[in-house]
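Here is a friendly walk through one protein chain, written to be read with the structure open beside it. Pick out each residue as it comes up and follow along.

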Amino acid sequence: MQSPQKPKIALPGLLIAVILAIAVVWVKHEEAIPWGEQRLNLFKEVQSVKDQLKNAELYHINYIITGAPSQLAAFNESINRLNTHMEQTRSDPHLYERLEPLRMRIDGAIRQLKTSADVRKQQGEQAAKPLLLTLRESDDIAAIDRALDDVELYEFNLLQLRVSEYTSIIDSVRWLVLTAALLMCIVYLYMAKSIQPVLKGVEERNKQLQDELQNVRGQLDHMANVDFLTDCLNLNGLEHIFAIEQNRTMRVGATLVAVLINVDNFRRMNDDFGFAVGDEILKEVAKRIMGILRPSDRLARVGPDEFLVLLTDTQLAYGMRVAERVRVQMSEAPLRAGNDIVPVTVSIGVAPLPPKLESVEEILQLTRSAMKRSKSGGRNRVSLAREKGTPEEEAPAMRNIVEVLCDGGHFRAVYQPIVELATQDISAYEIYTRGPDGAFESPAEFFRVCVENNILTSTDILCLKLAIASVSDLRTSVRFHINVFPSTLLDTQIENLISLFPKDKPGKFCIELSEQQFVGDPAHLREHVIALRQAGILVAIDDIGFGRSSLESLILLEPDIVKVDRKYVTGVAHDASKQRLLKRVVNVGRSLGAEVVAEGIEGKEDLPVLQEIGVQYGQGYYWGPLMEVLPSDVVVRTAIKSER
């Protein structure tokens, strides 16, 4: 009589076991999520403590060296933030117990830093060198940093242990459920359908829990290597990437170039607009830099207002071009903070990396001196790191290129036609100057070197003479446009400048002044522009639409020709906003009696739209590449159109 009843007794027992197993999984599931979030928050606070401690040390050293009050203020602010993050760790008794001994060491290190800062403040610059020679806080802070790393590692291992525990429980429950299902199927086949939903629910919960725990693990790894504000690499992540890239470049013989980017006046932006706006500025700076870089390049935030770009498999010339593009990208479009416009510029240092570097700190040392020269030179510029051993004077290679630029013998002229859109006839040529072959062939490159070495005006005059000489003997009705820096116009006696042009060919030459190079009030140029026009030299304002005072420049200078920047022309057929801007420029040009030239025409589809708007002339690669030599029959001629 007992034998037939055993299955009936076994079934409730198995069902109870299954229900208990499911309950265990469910409870563990409900515990896992808030526990994981708590660990993430604590991990973030420990990481913030490390960052602020490192910032305090850097600002302290900068204050000892420079004595700048801004560095002392930044040092005190970092200490306040550090204390705030340390207080946040009190929410977890276990973590608080582990950090309590470190708290005393941190307080001791901070007291020493404050003491030496007070000594520097009281004794002045004469105390800087002794303080730097006797400074031991760096070793203490390094030891504290390693101890904080141990705390982070312990927290990470604790999470891994919990993950293993959950996984073990889930695996046990899985086998228990499967065994119970098998037994129940054997004893009671008719209950198979009722068991399947239970199994499916357990499997789904199991998968959900594993996915969520894997997500927590990925977030921890992300936080350890990525800056949580800008979403680019932090110092730890960059150290890891640099080790990989250094090993690869030494193996294949490639080269690396580093670009250090510092946001100008960032502390003042924080003071004027608040830290929330400051954070948005840093995010936008990182976003714009990333938009310029290749997929293989790396961007890291290495300081409160500093970013380091690691360019892989590249040459110095490319690195300089990337740095200049970053500088222009920052300065050409100010940021908007609520109702305020925030102009943002950056100072940049570029350095080719020698082999066998061991750390990111060495990269920062190579690039920081160049970045500081950009700061001291007026900000919003790019400087090249000097060779080792020449801290106060230029490296031989740079001296050589400066001598070449001052000589001008390596310059050459190239030409681009300006075409009347209605007839496709060439009405003028713009003359461009190209520098010595190699890294400084581009005007942007050799003019940057000229600015850094205070030879911009003299080099610009050399380029002007070259352009005039290349066409002065031609007998033609075609006009020639030559670019001149506004600063050259102001720094040169206007009579001397006019004397460079042939006196018997009025209207043959046109000087183009780029609006993006205007500094200060454009009214200062008015007398010079009038003198040029009286001498029979036309004046054009180039790159209209680039700056924020285009209308003011046009009204004050009353140019003969208005040239619209290529960014507002290329693809105009498919962009209604560009069409509206061009219509406004054409209306202003007509009111001033000026011709309008659209630059950057590259597609045939833009031509009818430009004509409909009222643009009279255009230039761009649609009519072919730049010409090394003018055609032999330089008269008003039909342009050869390139089918694109």
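## A histidine and its partner

The side chain of His-481 makes a polar contact with the side chain of Arg-479, at 3.0 Å. Keep in mind as you look at this pair that the model is a predicted one. His-481 sits in strand 10, which covers residues 479-483.

Is His-481 buried or exposed? It counts as buried, because its relative accessibility is 0% and the cut-off for buried is under 20%. If you set aside neighbours within four places in sequence, His-481 is in contact with Ile-418, Ala-428, Tyr-429, Glu-430, Ile-431, Cys-510, Glu-512 and Ile-561.

## The chain as a whole

Now zoom out. The protein chain has 20 helices and 15 strands. Of its 644 residues, 46% are buried.

Val-419 gives you a pair to find on screen: its C-alpha atom is 9.8 Å from that of Ala-598, although the two are 179 residues apart along the chain. Val-419 belongs to strand 8 (residues 412-420), and it counts as buried because its relative accessibility is 0%.

Which residues have the most contacts inside the largest nonpolar core? They are Ile-601 and Leu-610, in a core of 54 residues. Helix 14, residues 456-471, gives the most to this core, with 5 residues. Another core, of 33 residues, lies apart from it and includes Val-257, Met-269, Ala-286 and Ile-292.

Not counting residues up to four places away in sequence, Leu-610 touches Leu-421, Val-569, Val-572, Leu-582, Ala-598, Ile-601 and Val-615.

## A buried arginine

Arg-327 is placed in helix 10, residues 316-332. Why does this arginine count as buried? Its relative accessible area is 16%, and so it falls under the 20% cut-off.

Leaving out residues up to four places away in sequence, Arg-327 touches Val-346, Ile-348, Asn-380, Arg-381 and Val-382.

## Enclosed space

Rolling a probe the size of a water molecule over the atoms shows where empty space is left. How many cavities of 30 Å³ or more are there? The count comes to 2, and the largest cavity has a volume of about 50 Å³.

To find the largest cavity, select its lining: Lys-54, Leu-58, Leu-235, Val-302, Glu-361, Leu-364 and Arg-368. By class, this lining has 4 nonpolar and 3 charged residues, with no polar ones. Helix 1 (6-66) and helix 11 (360-376) each supply at least two of the lining residues. The largest share, 3 residues, comes from helix 11.

Methods:
Residues numbered from 1 in each chain as written. Predicted model: local features only at pLDDT ≥ 70, side-chain atom pairs only at ≥ 80, totals over all residues. Heavy atoms only, no water. 1 Å grid on protein atoms, 1.4 Å probe; cavity = no way out; pocket = protein on both sides within 12 Å on 5 of 7 lines; lining within 4 Å. Points joined across faces, edges and corners; volume = space filled by probe spheres on them. Helix = DSSP H or I, 4+ residues; strand = E, 2+ residues; numbered from the N terminus. Nonpolar A, V, L, I, M, F, W, Y, C, P; charged D, E, K, R; others polar. Buried < 20%, exposed > 50% of the residue type's maximum accessible area, 1.4 Å probe, protein only. Polar contact = N/O pair within 3.5 Å; in protein donor to acceptor, adjacent residues only side chain to side chain. Contact = heavy atoms within 4.5 Å. Core = buried A, V, L, I, M, F, W, Y, C linked by side-chain atoms within 4.5 Å.
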